[in-house]
Amino acid sequence: MRDGHRLSTTDHGLRTKNRAPRTRNIEQELQMLEIKNLHANVVGKEILKGINLTVNAGEVHAVMGPNGSGKSTLAQVLAGHPSYEVTEGGVVYDGKDLLDMTPEERAQEGVFLAFQYPVEIPGVSNSYFLKAGLNEIRRHKGLEPLDAMEFLKILKEKMKLVEMDPSFINRPVNEGFSGGEKKRNEILQMAVLEPRLAILDETDSGLDIDALKVVANGVNKLKRSDNAVIVVTHYQRLLNYIVPDFVHVLVNGRIVKSGGKELALELEANGYDTLKEEAESVAR
Amino acid sequence: MTQSAKEIEKYLTDFHAFENNGAAHAPAWLKELRAGAIGKFSELGFPTTKQEDWRFTNILPLTKVPFRHASKKDLPDVRPSDIGKFIIGGASKSLLVFVNGYFSNTLSNLTSLPKEVVAGSLAESVGVHGEQIRHHLSRHLPLQSHPFAALNTAFIHDGAFIYIPKGCKVASPIQLLFISVATKEDTAVSYPRNLIIVGEKAAATFVESYIALSEDVYFSNVVTEMFVEKESAVDFVKIQHESEKAYHVGTMQVEQAGHSRFTAFSLALGASIARNDINITINGEQCETMLDGLYITSNDQLIDHHTFIDHTQPNCSSREIFKGIVTGKSRSVFNGKIFVRKEAQKTDSKQTNKNLLLSDKAIVDTKPQLEIFADDVKCTHGATVGSLDAASLFYVKSRGIGEEAARALLTVGFASEVTNYINDEPVRKHVDALIIKRLQERVVNTALPEIVHSDPKMI
């Protein structure tokens, strides 16, 4: 092996693990998402109380927290769920104002939310649904739409990634799917739509270990240096398989602590209580 | 409360002409039945909106048209190629075709039916099967409260007579195709009368379609009586796709004997004013009754469904799901009556009516009507009127699909949920295609997929 090759491998390792300082230019290129002081309500009740988070291309961020902390709210606000109202702060995605975009515009710009509770769409096949979405995204990028044959080829390839039986192609979207099948279908959609920023909202909830491994495997295979993933999860278990570069703990609508993947292991050992108490005392 | 005597008079005059001509050769019992019925109609007159059962449906426009009984002479020529697209699968060998209410030998084809099955023209069957017909015809039809059914009974002449003998299972759906074609008179009324008897342990699927070859004014006043004997299984689908200038009033009376299964599906797309009365009397224990339907109204249409499920015996279950897509300045009415008699303990009954109201000027009237006299039962009912679910819209849009296309896909989803209950696959595909076509023509502006279903739901 030549020296130059070895050096570059080491360099990459340094960059992601130890957060070595970068030059301003690379920072600007890599920065995908910047959440600044985000406050959001649902039915008049404030859930997000000032979130600050930066995600760069190539990174995996885990957002953990106790029930009711606002993890799912954060995920859904980023995707543009109509029930949530942003009252303060902003989100910059790829240099653009994300909150100014409709949900379909965000998707077309490469944002993808894997739902915690995927919706059933009777009557409409998985295949038709995904082709429609992909072609809208392609149209937005100035690409030609794919015809049925071309799309089917791509879909079959992607189905292998999440170990999904081809019979699912013609089934109505999520209808009669088990919990595990619905979650796998979310990752299949992610594989087909190839987002730049994927947000996984409690993708592990309700899954047994085998289903979890399939889902995590799928997500890992989709990782590239030019995309990023935010994994929202309550339990540390998923993070054994989708290894995060950064872990943030959300308590009562605020990020109270950030760290590396060891922070997740710490939480698993000690629970959220200490952090909750700390957060409460700060609030007082 | 009678309507203007003048309107009734037209029908009475028509009846006298009918009595003296085509009806003259009928057996005495049939003449008596007709006479009694015209008397009943004369007494009741046309319903008005002052009556509870017609509160939301004003049929005054119908009464104003000078309809004359469709003539059997000079029936317009209808070619097989004119009707191919209305037949399930394009062609059928278990098909009865009627033109303006009269059986057409040349267009019908009954060659695939098992030889023990009796199927043909009611008019032609009265001779050979008189006793059986007399025993069943109008036995349970509540003429005293259904003036249109009384009017149809007065003019009983032709329609389908079908008898599936004990133990016989018919594989292909038996199709009854009622075609209306304009004649020189232009405003004709037809009175198809169907009598279907499914014997003990027998099984069959029936499809009754009402279609027009052109957009004319006419009136179809139809009655179907069905007897579902012990341990038999019947699937019934009605497709109402009349001209949108026409009027359709249909009454269905079903008598269900013990341990039987009856599934009915109604697709209502056509007519200017359409009224469907579906009455099911459950006469035995351990019955399953499913009554589902979809109506799609646009422009100025009014489509009214009045259903009545009468639980008279214990240990039976019924499920009713009707959905509506109401647009433009159209109007839909749904009234779901369920009686659970005192003896009908352990009845399990569910009723749902869901409406998608898609325009400011459209109107939906929905009324569940439950009367429960037993004390050990499970009865639920629900009705909704609204727009598409916001969470579902968000899911679709989050995949990159725009507002209009997202609404279109979810509207397909809304409609297809009910066709899931049609057991026969070719029939279901036929109905699905009609729905997609109608949605494409009147409700949505984007391309639509072919409807797909999961494995058919088991009861």
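Hi everyone, let's start with chain B, which splits into domain 1 (70-387) and domain 2 (388-459), with bounds taken from an automatic or database domain assignment. A quick word on the model: it is predicted, so local features need pLDDT of at least 70 and side-chain atom pairs count only at pLDDT 80 or more, while totals for chains, interfaces and linings use all residues. Residues are numbered from 1 along each chain as its sequence is written, and chains are lettered from A and ligands numbered from 1 in the order in which they are written.

Now, the two domains. Between the C-alpha centres of domain 1 and domain 2 of chain B there are 24 Å. Their contact involves 26 residues of domain 1 of chain B and 19 residues of domain 2 of chain B; here, contact means C-beta atoms, placed from the backbone, within 7 Å.

Which strand gives the most to the side of domain 1 of chain B that touches domain 2 of chain B? That is β15(B), with six residues. Strands supplying at least two residues there include β9 (203-212), β11 (233-241) and β17 (317-326) of chain B. Strands are DSSP runs of E, at least two residues, and helices are runs of H or I, at least four, numbered from the N terminus.

On to the chains. Chain B brings 24 residues to the contact and chain A brings 28 residues. On the side of chain B that touches chain A, α8 (390-397) and α9 (403-419) of chain B are the elements giving two or more residues, and α9(B) has the largest share, eight residues.

Thanks, and happy to look at the structure together!

Key:
Contact = placed C-beta atoms within 7 Å.
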